[in-house]
Amino acid sequence: MITGLRLGAAAGILAVASLCSAQSAAQTFTSNGVQISYADRGTGTPVVLIHGFTGSWSRHFERTGAIAALENAGYRAIALDCRGHGASDKPTNSRDYGMELVQD
């Protein structure tokens, strides 16, 4: 019984470590001086995932399994943190938003 509990605990730790490493696999690009965090996973027809207000790609698409589901279905999932959200830079000047979000 103790061995089974240890194996279960070890499997749980590995699952959490795997999830954390997948989330930390974000990439960045610079858009007009602002670092934008994103994930690009899978192959095939690209599907761009953009989170809602106060969101982030990892919370809305990684943790929910949406990226994995798209990958498993043969799609390329591209998810980003809009400027001012998640791991992307958070400019303080209002001119750094608006159409700049479109350019990202």
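Two strands count as paired if DSSP finds at least two bridges between them, and strands (E, at least two residues) and helices (H or I, at least four) are DSSP runs numbered from the N terminus. The model is predicted, so local features need pLDDT of at least 70 and side-chain atom pairs count only at pLDDT 80 or more, whereas totals for chains, interfaces and linings use all residues. Residues are numbered from 1 along each chain as its sequence is written, and side-chain values use heavy atoms, with hydrogens and water left out.

**Exercise 1.** Determine the strand order of the sheet and its edge strands.

*Solution.* Step one: the four strands form an open sheet with mixed pairing, in the order 1-2-4-3. Step two: strand 1 (27-31) and strand 3 (46-50) each pair on one side only, which makes them the edge strands.

**Exercise 2.** Identify the largest nonpolar core and the elements that give two or more residues to it.

*Solution.* Step one: a nonpolar core is a set of buried (under 20% relative accessible area, 1.4 Å probe, protein chains only) Ala, Val, Leu, Ile, Met, Phe, Trp, Tyr and Cys residues joined through side-chain atoms within 4.5 Å. Step two: the largest has eight residues, Ala39, Leu49, Trp57, Phe61, Ile67, Leu70, Ala77 and Ala79. Step three: helix 2 (57-62), helix 3 (66-72) and strand 4 each give two or more of them.

Key:
Buried < 20%, exposed > 50% of the residue type's maximum accessible area, 1.4 Å probe, protein only.
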